[in-house]
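Please keep the three-dimensional view open and look up each residue as it comes.

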Amino acid sequence: GCNPLAETGRSKLQNQRAVLNQQILRAVRMRAGAENLLRATTNNKVREQVLLELSFVNSDLQILKEELEGLNISVEVYQNTEKTFSIPLVPLGLKETKEVDFTLPLKDFILEHYSEDSSEYEDEIADLMDLRQACRTPSRDEAGIEMLISYFLQLGYVENRFFPPTRHMGVLFTWYDSFTGVPVCQQNLLLEKASILFNIGALYTQVGTRCNRQTQAGLESAVDAFQRAAGVLSYLKETFTHTPSYDMSPAMLNVLVKMMLAQAQECVFEQIGLPGIRNEFFTLVKMTQEVAKVGEVYMLVNTAMNQEPVKENIPYSWSKLAQIKSDHYKALAHYFIATILCDHELQSGDDEDQQEKAFSQLYDYMPEGLMVLTVLKDKVQRRQLGKAHLRKAIVHHEEALRVCGLCKKLRNIDVLQEVLTAAHKRSLLKYAQQETEDDFLSLIQAPDILPKTEHKIETIMPQFSKVKVKDFFHRLGPLTVFSAKQRWTAPRTIHIHHEAGELGFSLKGGSPVQIYCLDPVCSAASMGLKEGDYIVSVGGVDCKWLGVNEVLEKFKSVGEQPIEIEVIS
């Protein structure tokens with residue numbers, strides 16, 4: 001699931017992101033230093049120099065953030081390599097992190113807390129560090145996602161084993177904000193776990209954008225990937241409510257979930273239209289409502305992106321692309337309804353009631369003076385209302401093209417320009433075909449179209465249980481007992497002598513087993529064995545994971561011979 005040497009366009013973008021993060025970190029430190037000096041000094045000449053330096057640093061930071069936004073809108077790199085005539089989908093870039101060395105803190109903790117020889121756990125610590133390093137360059141497929149999930153689950157074990165709630169371990173985790181490039185550092189595992197979850201969601205978006213949108217299977221995979229991305233980001237928002245990194249704040253995650261569900265809805269519409277859209281009354285009614293739904297969800301995404309506090313940090317080109325898509329799909333809805341009105345006159349063999357019922361569901365209200373059945377029967381009224389819808393379609397197309405022309409990053413995406421221009425020309429051509437001399441008499445305003453979908457898009461919550469992970473530090477013993485929050489004595493050696501075939505105590509519990517019903521006058525009790533002690537080894541063999549029957553077997557195997565056990569309290 002890891003491909004660190006891949007020289008793909010995606011990996012190059014991620015490398016550029018890492019370099020930009022370092023430059024932003026340097027600029028942020030310089031700004032902090034200059035601001036501290038400004039507060040401390042009273043010398044006017046020094047203040048002037050510092051203010052000048054601050055203006056340079058701030059402008060430099062602005063340029064770097066614009067470059068980072070350029071990476072966030074480099075959507076062409078992530079799309080499927082097949083030649084496609086579709087508006088690009090937006091993926092999330094992976095969060096970058098610094099390397100972490102677990103070796104010393106974990107070895108010290110194993111020796112101090114678990115009273116074990118920490119050198120025996122060097123392989124396990126190396127495995128953990130290798131897995132973390134691999135998670136920095138996951139492959140863009142199911143294997144990459146599975147690897148990130150396995151590390152996330154492994155972190156649950158590591159947290160319980162080595163991170164006590166009362167003190168810090170001295171391990172510093174640094175992650176860079178995906179949108180601003182500003183680093184965030186924490187000594188607990190919350191930031192690490194949240195950032196891995198963000199990257200799982202981001203990788204799903206990259207898988208979704210890579211799908212071939214020219215096939216049914218590809219579009220199904222894209223819908224599934226975006227729903228899963230929304231599910232992971234939604235889980236992150238609900239589980240980690242106080243992450244200091246802005247890209248993982250509840251407000252930002254809320255917007256990202258909306259964006260992923262909108263992209264899934266867009267793929268659903270493409271899926272319905274993939275075999276071709278039949279120029280037939282009821283098919284066009286269905287397509288009108290489906291495409292109106294896509295326009296509506298993108299309008300809601302655009303509104304959410306322009307709210308404080310998200311507005312400051314969301315890439316400007318993303319909000320503009322959401323606005324363009326909203327206008328583009330609203331225009332298509334008006335074009336489809338105009339096609340119904342202009343191309344499908346009510347014939348004698350048609351079912352009037354069915355057509356009236358279907359058509360009335362497209363509107364919340366009819367324009368003043370018009371009735372649905374009258375419009376369907378009257379050729380002039382049909383054409384006038386159809387032209388009103390075409391006018392509205394052309395207005396939306398022109399707005400989409402205007403917004404696209406204003407945004408430098410979007411202007412450079414050729415396929416976006418091509419799709420918008422082709423749709424605009426098609427509406428203009430349709431309008432030109434309907435022109436007659438009495439057009440100036442038509443004052444009808446096209447009503448808004450009611451969005452409706454038969455394919456409800458919902459988040460798919462992550463199913464971590466499907467990924468099977470073995471605790472790297474399994475040898476330390478069952479987690480219910482051998483965890484960072486439990487405190488116990490160092491192992492004590494007890495020599496057990498059989499007395500008339502009796503041990504002087506019973507055993508209970510699962511693994512590890514506990515001393516139970518201890519005879520206070522037996523030899524084991526006199527050597528320091530206590531009621532409730534856990535047995536961790538018998539005859540030099542580790543038995544933390546053994547049950548009562550297995551431990552008793554070990555006692556029986558030595559017969560009447562004395563045996564040495566190790567216990568902890």
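This is a predicted model: local features need pLDDT of at least 70, side-chain atom pairs count only at pLDDT 80 or more; totals for chains, interfaces and linings use all residues.

1. Asp364 belongs to the loop that runs between α11 (352-360) and α12 (372-377). Although 86 residues of sequence lie between the positions of Asp364 and Leu450, their C-alpha atoms are 6.5 Å apart in space.

2. The domain assignment of the chain gives two domains, with domain 1 covering 9-74 and domain 2 covering 488-568. Taken over C-alpha atoms, the centres of domain 1 and domain 2 are separated by 64 Å.

3. Helix α8, which spans residues 250-273 and so has 24 residues, reaches 35 Å from its first C-alpha to its last, and this is close to the 34 Å expected at 1.5 Å a residue. How many of the residues of α8 are buried? The count is 18 of 24, and the helix is therefore described as mostly covered.

4. The largest nonpolar core holds 131 residues, and those that touch the most other members are Leu92, Phe102, Phe162, Ile200, Leu256, Trp318 and Leu416. Another core, of 22 residues, lies apart from the largest one, and its members include Leu507, Leu518, Cys522 and Val567. As a general background to this point, nonpolar side chains in soluble globular proteins tend to be buried together.

5. The aromatic rings deserve a point of their own, since the count comes to 13 aromatic pairs. In one of them, Tyr235 and Phe464 have ring centres 5.5 Å apart and planes at 70°, and because planes over 60 degrees apart count as edge-to-face, this pair is edge-to-face. The two partners come from distant parts of the chain, 229 residues apart: Tyr235 is in helix α7 (residues 216-239), whereas Phe464 is in the loop between α15 (414-434) and β3 (492-496). Tyr235 has 25% relative accessibility and so counts as partly exposed, while Phe464, at 14%, counts as buried.

6. Is the pair of Tyr298 and Tyr329 stacked or edge-to-face? Their ring centres are 6.4 Å apart and their planes meet at 15°, so the pair is stacked. This pair also links distant parts of the chain, with Tyr298 in helix α9 (residues 281-305) and Tyr329 in helix α10 (residues 316-343), 31 residues apart. Both partners count as buried, because Tyr298 has 3% relative accessibility and Tyr329 has 4%.

7. Ring pairs also link Phe109, Tyr114, Phe162, Phe473, Phe482 and Trp488 into a cluster.

8. Finally, please look at strands β1 (residues 173-176) and β2 (residues 183-186), which run antiparallel and are joined by four bridges. Phe173 stands opposite Gln186, a residue of β2. The two strands, β1 and β2, form a hairpin with six residues between them, and in the turn Gly181 has a positive phi of about 80°.

Key. Residues are numbered from 1 along each chain as its sequence is written. Side-chain values use heavy atoms; hydrogens and water are left out. Domain bounds come from an automatic or database domain assignment. Buried means under 20% relative accessible area, exposed over 50%, partly exposed in between (1.4 Å probe, protein chains only). A nonpolar core is a set of buried Ala, Val, Leu, Ile, Met, Phe, Trp, Tyr and Cys residues joined through side-chain atoms within 4.5 Å. Rings of Phe, Tyr and Trp (its six-membered ring) pair if their centres lie within 6.5 Å; planes under 30 degrees apart count as stacked, over 60 as edge-to-face and the rest as tilted. Two strands pair if DSSP finds at least two bridges between them.
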